[in-house]
Amino acid sequence: MHDQGGDTAKDTDRRIGRRALLIGGAVAAVGTAVLAQDDLRRMWWRLPSVEKPRKEGAVDFRGARWVAASSSNWRMADRPDDFGIDRVIIHVTQGSYASAVKVFQNPAHGAATHYIVRQDGRVTQMIRELDVAFHAGNRDFNERSVGIEHEGFVDRPKDFTDAMYEASARLTARICARYDIPVDREHIIGHVEVPGTDHTDPGPHWDWKRYIPLVREAAERSASPSAEPSARGA
């Protein structure tokens, strides 16, 4: 499951990110030197009271339902331009879909994932992929990953339905295609595998030997990355 509370302390710089501070230091160091245009584009909206324009309700995975997480549970970014994405992290909610949505919308919770996959295969997106979700319990892994929750309990194998596996595999395949992430167990990992975490999900009943081939099959069926518009920049 997502990490509760631990990520908040590590991700307090929601408006002025680490890279913005580095860029600011570079500006001071070079004095009147002209900063590269791409750096300027990435820093202007990190200034206080400035936000990059977003289209309300836009999703990155076609067919997903948009339900916004509390802004306290994620940090605005411009991935993959500021932080490269090279991991998908698999979580289990340890509860119902409704309970997961409720806690992700609670500003005091301090954690949320980008997506939730229900047992019937329906997908909900709560945080844009370009933003940093507080889900892994490790700041570096938050910045470099997309987190996917799965409705159910780690000790109930019946919760991991065919519809869930297939929908999750399609979602992960699209994420991997979008960011050129290899479809393997080094880059598609469980929350338990994040360094420093004390979580055990997705647990021993999550069938990795089934899941990774499903992701590969979905990737093979999929068109080019542009075939699934991400609505980035909308």
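Asp 131 sits in the loop that connects β5 (123-125) to β6 (132-133) in this predicted model. Its relative accessibility is 2%, so Asp 131 counts as buried, the cut-off being under 20%. Leaving aside residues up to four places away in sequence, Asp 131 touches Arg 54, Trp 74, Arg 75, Met 76, Ala 77, Arg 79 and His 114. Two distances place Asp 131 relative to Asp 78 and Ala 77.

Helix α6 covers residues 162-179, 18 residues in total. From its first C-alpha to its last, α6 reaches 26 Å, close to the 26 Å expected at 1.5 Å a residue. Of the 18 residues of α6, 13 are buried, so the helix is largely enclosed by the rest of the structure. After α6 comes Asp 180, which has a positive phi, near 55°.

The largest nonpolar core holds 33 residues, and the members that touch the most others are Tyr 115, Val 123, Leu 171, Ile 175, Ile 188, Trp 206 and Tyr 211. Two or more residues of this core come from each of β3 (87-90), β4 (115-117), β7 (145-150), α6 and α7 (208-221). Helix α6 gives the largest share, 9 residues. Another core, of 13 residues, lies apart from this one and includes Val 67, Tyr 97, Phe 104 and Ala 112.

Note on methods
Residues are numbered from 1 along each chain as its sequence is written. This is a predicted model: local features need pLDDT of at least 70, side-chain atom pairs count only at pLDDT 80 or more; totals for chains, interfaces and linings use all residues. Side-chain values use heavy atoms; hydrogens and water are left out. Helices (H or I, at least four residues) and strands (E, at least two) are DSSP runs, numbered from the N terminus. The expected span of a helix is 1.5 Å times one less than its number of residues. Buried means under 20% relative accessible area, exposed over 50%, partly exposed in between (1.4 Å probe, protein chains only). Contact means heavy atoms within 4.5 Å. A polar contact is a pair of N or O atoms within 3.5 Å; within protein, one must be able to donate a hydrogen and the other to accept it, and residues adjacent in sequence count only if both atoms are side-chain atoms. A nonpolar core is a set of buried Ala, Val, Leu, Ile, Met, Phe, Trp, Tyr and Cys residues joined through side-chain atoms within 4.5 Å.
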